[in-house]
Amino acid sequence: AALDLDAPHIVYRRRRKQKEGEQYERLESREQLHEVEEGGLKFLVNFFDYLDTGLFLDHRPTRALVREMAAGKRFLNLFAYTASATVFAAAGGAIATTTVDMSNRYLDWAESNMKLNGFTGAQHEFVRADCLEWLEHPWPRRADRQYDLAFIDPPTFSRSKKMQGHFGVQRDHVDLIRKTAALLAPGGAILFANNFTKFRLDRGALADFTIEDLTAKTIPRDFARSPPVHHCFLLRRAAG
């Protein structure tokens, strides 16, 4: 009644608190993709099979910011999921993009989202890899592999069969940011986000970066709450 929609047009999902290392399971197997629009761009979403649809709604302002910053930039998207941020970067005029995720399903989905918006060609590459391992050994190795803008939105915790060891964003974020910064061109920037409600950026360990907290700016009104649904920071190497 509140939405003025008939019940067959509503999909209901309940997010519950997860134990550390616990993963959300597949809910259905319809494999039905629907096209939606955000900021004049098109994305494929799956309303039925998993809790997450393929488009994280709390990051709408973050994606808009990526588009604003991407003109003329070489863009890196780590833990890219379905590459919605890459689509916005390409729409903003990024001259090249690299999308990294270790899931074949998500990378296929990512390519579909890019193609849906007309972004094709060798300047847009997709890499299936454990992001942490790829940062150690970027593939393919090229002398000119430097980025002007990187977006990192890692899981709070991951213990995937494909990942060596396990990852915790609070414990490992400094190492993740530093390894990403090693791939930046002079003047490059990192947008670092995560959904761990108790997250605290280790500013002391990142004292050689200028850091801007964009959390409040990147949370839309429909997700406004305390604690924040996500954290978001812009980091640049401090001059000198």
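Two strands are said to pair if DSSP finds at least two bridges between them; helices (H or I, at least four residues) and strands (E, at least two) are DSSP runs, numbered from the N terminus. The structure is a predicted model, in which local features need pLDDT of at least 70 and side-chain atom pairs count only at pLDDT 80 or more, while totals for chains, interfaces and linings use all residues. Residues are numbered from 1 along each chain as its sequence is written, and side-chain values use heavy atoms, with hydrogens and water left out.

Strand 1 and strand 2 form a hairpin with 2 residues between them, and Gly-39 in the turn has a positive phi of about 60 degrees. The pairing is antiparallel over 5 bridges, and Glu-38 has Leu-41 of strand 2 as its bridge partner.

A nonpolar core is a set of buried Ala, Val, Leu, Ile, Met, Phe, Trp, Tyr and Cys residues joined through side-chain atoms within 4.5 Å. In the largest, of 28 residues, Leu-78, Trp-134, Ile-190 and Phe-192 touch the most other members. Helix 5 gives the most to this core, with 5 residues. A second, separate core of 16 residues includes Phe-75, Ala-85, Leu-149 and Ala-189.

Methods: Buried < 20%, exposed > 50% of the residue type's maximum accessible area, 1.4 Å probe, protein only.
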